[in-house]
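Here's a quick tour of how two chains meet. Have a look at the structure first, then read on.

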Amino acid sequence: MLRMSPLERKLQLSGITLILGLVVESLCLLDHGPIAFMLFVGLGGVLFAVGILLYLYSLVGPKVEPSKQ
Amino acid sequence: MPTFLILLLVTFSIFLIGVFVFRPQITATRGGKMTAFLALFALPLLCFGMGTSSELEHAKSTEFCLSCHIMEPYGKSLRVDDPQHLAAAHFQNHRVPPNEACYTCHTNYAMFGGIKAKLGGLRHIYVYYLGTPPAPENIKLYEPYNNRECLHCHAGARSFEEGVVHAADPDLLPALKANKTSCISSGCHGVVHDVGSLKDAKFWKGGD
């Protein structure tokens, strides 16, 4: 199994969080009730923020070359 | 923007992000880094922005406001067949957009009024799901209704400025404009949402 660098691990985590945020967003867009609105703003917003911040953090973190396949 | 277009963009973003989740090594190349920026920063921001805009727009709809069970009598009061009922007359004669009837009258036409309306909505949701909601007929406004909201549309209108009752007393119009006399005071437009007497009311069947 290939070993992943910390940068790749952060990118993966960021991606997974963002995918969760996007799934929450799609579900909320399909249902237009107040609960969907709250979930969109609360849960969706947090997931988006965490995902994007993780990605930005991976850019400014210690420079590590991504592993070669 | 139509919901399906946003969903299309969301699906594309998920696919693109999925590539980086399963193959993070591709960020080793310059092109991979640029695509990562698009997939993990620009597209999610765009999706969230468009989704928020769509949700906020939908939150203005009459359907959204009336989706809480407690608001049902207020929705019915919009269909009372009596021109003396202020909210019903506005709704049925399209003096307010029927699909945004609640928001049009209950938002605050001052700076940050839209934001205050949304915060008020969050408070409603909190009380509805986590607090003890009052009976529909006991629901009160947080603060007395400000004439500013009426004047947003009616100020300058001939029917308002030169109306027989409004013009009869020279002190009335200045008092209304200064919010010293309420438009919805008893004897004027005092019947707004009379949810307590709906069982005896006749309803307008049109407008669907």
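## Where chains A and B meet

In this predicted model, the contact draws 30 residues from chain B and 28 residues from chain A. On chain B's side, the elements that each give two or more residues are α1 and α2 (30–58). Let's take it topic by topic.

**Chain B's side of the contact**

**Two helices side by side**
- Helix α1 of chain A (residues 6–30) packs with helix α1 of chain B (residues 3–22) at an angle of about 160°, and their axes are 9 Å apart.
- Angles over 145 degrees count as roughly antiparallel, so α1(A) is roughly antiparallel to α1(B).
- The crossing of α1(A) past α1(B) is left-handed.
- On α1(A), the residues making this contact include L11(A), G15(A), I19(A), L22(A) and E25(A).
- On α1(B), those taking part include I6(B), V10(B), I14(B), G18(B) and F20(B).
- What classes do the residues of the contact of α1(A) with α1(B) divide into? There are 13 nonpolar, 6 polar and 1 charged.

**How confident is the predictor?**
- Chain B has a mean pLDDT of 91, and 100% of its residues reach 70 or more.
- For the complex, the predictor gives an ipTM of 0.85 and a pTM of 0.80.

Notes:
Residues are numbered from 1 along each chain as its sequence is written. Chains are lettered from A and ligands numbered from 1 in the order in which they are written. This is a predicted model: local features need pLDDT of at least 70, side-chain atom pairs count only at pLDDT 80 or more; totals for chains, interfaces and linings use all residues. Axes are lines fitted to C-alpha atoms, for helices over the stretch in contact, and angles run from 0 to 180 degrees between N-to-C directions. Helices (H or I, at least four residues) and strands (E, at least two) are DSSP runs, numbered from the N terminus. Angles under 35 degrees count as roughly parallel, over 145 as roughly antiparallel, 65 to 115 as roughly perpendicular and the rest as oblique. A crossing is left-handed if the near helix is turned anticlockwise from the far one by less than a right angle, and right-handed if clockwise. Two residues are in contact if their C-beta atoms, placed from the backbone, lie within 7 Å. Ala, Val, Leu, Ile, Met, Phe, Trp, Tyr, Cys and Pro count as nonpolar, Asp, Glu, Lys and Arg as charged, and the others, Gly among them, as polar. pLDDT is the predictor's confidence in each residue, from 0 to 100.
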